[in-house]
Amino acid sequence: MSAPASPESLGNADDDRITPEILKVAGVVVLGSIMAILDTTVVNVALPTFITEFEVDAYSTVAWTITGYTLALAAVIPATGWAADRFGTKRLYIAALTLFTLGSVLCATAWSIESLILFRVLQGLGGGMLMPLGMTIMTKAAGPHRIGRLMAILGIPMLLGPILGPIVGGWLIDAASWHWIFLINLPLGIAAIVYALWALPGDAPEPSESFDVIGMLLMSPGLALFLYGVSSIPDEGTVAATKVLVPGLIGLALVIGFVFWAFRPEHPLLDLRLFQDRNLTVATIVMFLFAASFFGALLLVPTYFQQVRGESVLKAGLLVAPQGIGAMLTMPLAGTLADKVPVGRIVPFGFIGIIVGVGGLAFSTSVDTPYWQIIVFLFIMGLGMGGTMMPVFTSALKTLRTHQVARGSTLINVLQQVASSVGVAVMSVVLTNQQKASADLAGSFRAPYLLAAIALVLTLIPVAFLPRRREESHLLDDEESGGTPVVLH
């Protein structure tokens, strides 16, 4: 085995290429991210099986296998930035992989629905750290002139998760048993841990920073309670239900309390002072609205194929694949362009593709719509998504200084998690209410798609404020903080 690449060995100041050493680091992050994101979707197809296997009466009970995982993700993300600074990203990333793999194995041994939910929470605590840590590792490895292309690589698991989750889950359950949707993570986890030990460069932790205990007590429970309330909306059918309002309002109050508190300590749990950076502020607004609209709408596609067209879980997953294929075609191109062209000149074209795709789906929900028509709109939507997501992330992180990257990626991941949860809940409620109000099952899908399309059109307003001029990156400029510059390119 060769020695891990040091930061200094990953390139020099006039080398703008994606080197094999950088790709080696990227491979670790992609593998870990695929494991975490795949498990947010692969369990969806197993819920009917859990009802039968564990003899559960209520669907809402087994749904906690998803909700518990999501809440654990949301709760642990805020502390990731502090932990990365204190313990180092490499050690923390390996610890997160270990915790996620252990949680996966325990899930496979579950003897009741309660034990499965508990082990899913443990799994989520590990999975929640993988994505923000991965973004931190990739940003430091890329350097300012390659961050767009490296972010495009990081986008691969974001695409593969929703596409492969239903396919892999359905196939494993049919071919073996539900246990294997969790056991499959054991060999993947071991491989990822060994790979990380070899490939990731060592980094110097900064243990002098104090932990924001009050911020943690406000933010993590507040975020978990708020998302619990939001995730309960589809089951309750209204935001006025006690199960929605009580935890939602308490959680919102704690989050608001954190916002006021966050400006007091020198090192807050989430560094809201980063919003002084105009590019990060505009990019996070765009990302929040985009994630809520896009992922909320995308969730409805396999549901349409199963409920309206009567397709199997496996075939529904395959029919959604054109969206991912479209994104895979444009994401590397958008990543390369984001390193050379201001993102404000790239993202609008991506949004046009997404709006055309989602708007087209709104008028393609009948029981006899040709599949080729739906596939075309999904493909166009994917082309737009590939040209949007990673340039927005790049814009948010590119002007941060090296010592701010871990906290910046943590902040972005928290907001994306909240946005996706809100979008899924809103679209689910609109669909449920439409189905109750009309006997036309196919037509009930039109309203949520139209809502998503309108929200995406409105998002063009903050998109117009994305940088349209090339700005200097500060990733190498760490002198003001007294830190050591990380020379990576």
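Trainee: What makes Thr-388 count as buried or exposed in this predicted model?

Mentor: Thr-388 has a relative accessible area of 1%. Buried means under 20%, so Thr-388 is called buried.

Trainee: Where is Thr-388 placed, and which residues does Thr-388 touch?

Mentor: Thr-388 sits in the loop between helix H16 (371-386) and helix H17 (389-398). Leaving aside residues up to four places away in sequence, Thr-388 touches Phe-290, Val-347, Gly-350, Phe-351 and Ile-354. These count as contacts because heavy atoms lie within 4.5 Å.

Trainee: What makes Val-463 buried or exposed, and where is Val-463 found?

Mentor: Val-463 is found in helix H19 (residues 446-463). Its relative accessibility is 3%; since the cut-off for buried is under 20%, Val-463 counts as buried. Val-463 touches Val-286, Val-347, Pro-348 and Phe-351, not counting residues up to four places away in sequence. The C-alpha atoms of Val-463 and Arg-345 are separated by 9.7 Å, although these residues are 118 residues apart along the chain.

Trainee: Why is Arg-278 called partly exposed?

Mentor: Arg-278, in helix H13, has a relative accessible area of 45%. Partly exposed lies between the buried limit of 20% and the exposed limit of 50%, so Arg-278 is called partly exposed.

Trainee: What makes Thr-136 buried or exposed?

Mentor: Thr-136 belongs to helix H6 (residues 113-142). Its relative accessible area is 2%, and under 20% means buried, so Thr-136 is buried. Thr-136 and Ala-84 are 52 residues apart in sequence and 9.0 Å apart in space, C-alpha to C-alpha.

Trainee: Why is the pair Glu-311 and Lys-315 called a salt bridge?

Mentor: The closest N and O atoms of Glu-311 and Lys-315 are 3.6 Å apart. The limit is 4 Å between a side-chain nitrogen of Lys or Arg and a carboxyl oxygen of Asp or Glu, so this pair forms a salt bridge. Side chains of opposite charge can pair when their charged atoms come close. A search of the whole structure finds one salt bridge.

Trainee: How do the two partners stand in terms of accessibility?

Mentor: Glu-311 has a relative accessible area of 18% and is therefore buried, whereas Lys-315, at 38%, counts as partly exposed.

Trainee: How many helices and strands does the protein have, and what share of its residues is buried?

Mentor: The protein has 19 helices and zero strands. Buried residues make up 57% of the 489 residues.

Trainee: Where does pLDDT stay under 50?

Mentor: The pLDDT stays under 50 over residues 1-14, for which the model has 30 contacts beyond four places in sequence. Over residues 474-489 the pLDDT is also below 50. Where pLDDT is low, the predicted coordinates should not be read in detail. For the protein, the mean pLDDT is 77, and 82% of residues reach 70 or more.

Technical notes. Residues numbered from 1 in each chain as written. Predicted model: local features only at pLDDT ≥ 70, side-chain atom pairs only at ≥ 80, totals over all residues. Heavy atoms only, no water. pLDDT = per-residue confidence, 0-100. Buried < 20%, exposed > 50% of the residue type's maximum accessible area, 1.4 Å probe, protein only. Helix = DSSP H or I, 4+ residues; strand = E, 2+ residues; numbered from the N terminus.
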